[in-house]
Amino acid sequence: MLHLLPSGVLHQQATCVIGNGVVVDPLALCAEIDELASGGQDPSGRLMLSDRAHLVLPSHKALDAAAEKSKGDAKVGTTLRGIGPCYSDKVARTGLRCGELRDLPTFERKLRAHLAQVNEQLAAYGAPALAIDAAVAQVMPACTRIAALVADTADFLHQAAAAGKGSSSRARRAC
């Protein structure tokens, strides 16, 4: 049930943070939020997403599948969710961060450029190119939706710690 959302999301008094070290699939995050909301536990008002967290995009999933396929019998058994390629983009400083969702038109331009670049990588694997318009249409609604959750979570957590929050069961906690 919970893959991206912290388990504290099940506690109504908790403000939950998805931190900067996490890679976030916007489609998967929206699905988890919807699943909780359908059970009467909508976490949207108490969920924060780090502006520094990187986004797992359809391109990462395609790269994951192409790389795995190219290994033949030596494949590693990846989940094909694009996590490894997203972390590679993070380390290479070529990935898209959640903070870029604050300016959706610019984000979409960067997303299109990213997808075009990944198509070159996919060609090197002999894999089919991504349909850029279809990939953008697939991911932009989820990105638009989670943009409202993006915050400077490091600042939030520092302020919460300074205020002594999180150490008492009566205090509004960050999870």
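**Contacts, salt bridges and a pocket**

Leaving aside residues up to four places away in sequence, Asn-119 touches Ala-129, Leu-130 and Ile-132. In this predicted model, Asn-119 is found in helix H4, which spans residues 104–125, and with a relative accessible area of 14% Asn-119 is buried, because buried means under 20%.

Helix H4 also takes part in the pairing of charged side chains. Asp-133 forms a salt bridge with Arg-112, their closest N and O atoms being 2.6 Å apart; this pair links distant parts of the chain, with Asp-133 in helix H5 (residues 132–146) and Arg-112 in helix H4, 21 residues apart. Salt bridges that share partners join Glu-108, Arg-112 and Asp-133 into one network. Asp-133 is exposed at 54% relative accessible area, whereas Arg-112 is partly exposed at 30%.

The structure holds seven salt bridges, and another of them is formed by Asp-51 with Arg-102, where the closest N and O atoms are 3.4 Å apart. Asp-51 lies in the loop between strands E3 (47–50) and E4 (54–55) and Arg-102 in the loop between helices H3 (83–92) and H4, so the pair ties together parts that are 51 residues apart in sequence. Asp-51 is buried, at 13%, while Arg-102 is exposed, at 53%.

Asp-25 forms a salt bridge with Lys-61, with 2.7 Å between the closest N and O atoms. Asp-25 counts as buried at 11% relative accessibility, and Lys-61 is partly exposed at 27%. Asp-25 is also one of the residues that line the largest pocket, among them His-3, Val-56 and Arg-81. This pocket has a volume of about 200 Å³, and its lining divides into six nonpolar residues, one polar and two charged.

Key:
Residues are numbered from 1 along each chain as its sequence is written. This is a predicted model: local features need pLDDT of at least 70, side-chain atom pairs count only at pLDDT 80 or more; totals for chains, interfaces and linings use all residues. Side-chain values use heavy atoms; hydrogens and water are left out. On a 1 Å grid over the protein atoms alone, a cavity is a set of points where a 1.4 Å probe fits but cannot get out, and a pocket is an open set with protein on both sides within 12 Å along at least five of seven lines; lining residues have an atom within 4 Å of a point. Grid points are joined across faces, edges and corners, and a volume is the space filled by probe spheres set on the points. Ala, Val, Leu, Ile, Met, Phe, Trp, Tyr, Cys and Pro count as nonpolar, Asp, Glu, Lys and Arg as charged, and the others, Gly among them, as polar. Helices (H or I, at least four residues) and strands (E, at least two) are DSSP runs, numbered from the N terminus. Buried means under 20% relative accessible area, exposed over 50%, partly exposed in between (1.4 Å probe, protein chains only). Contact means heavy atoms within 4.5 Å. A salt bridge is a side-chain nitrogen of Lys or Arg within 4 Å of a carboxyl oxygen of Asp or Glu.
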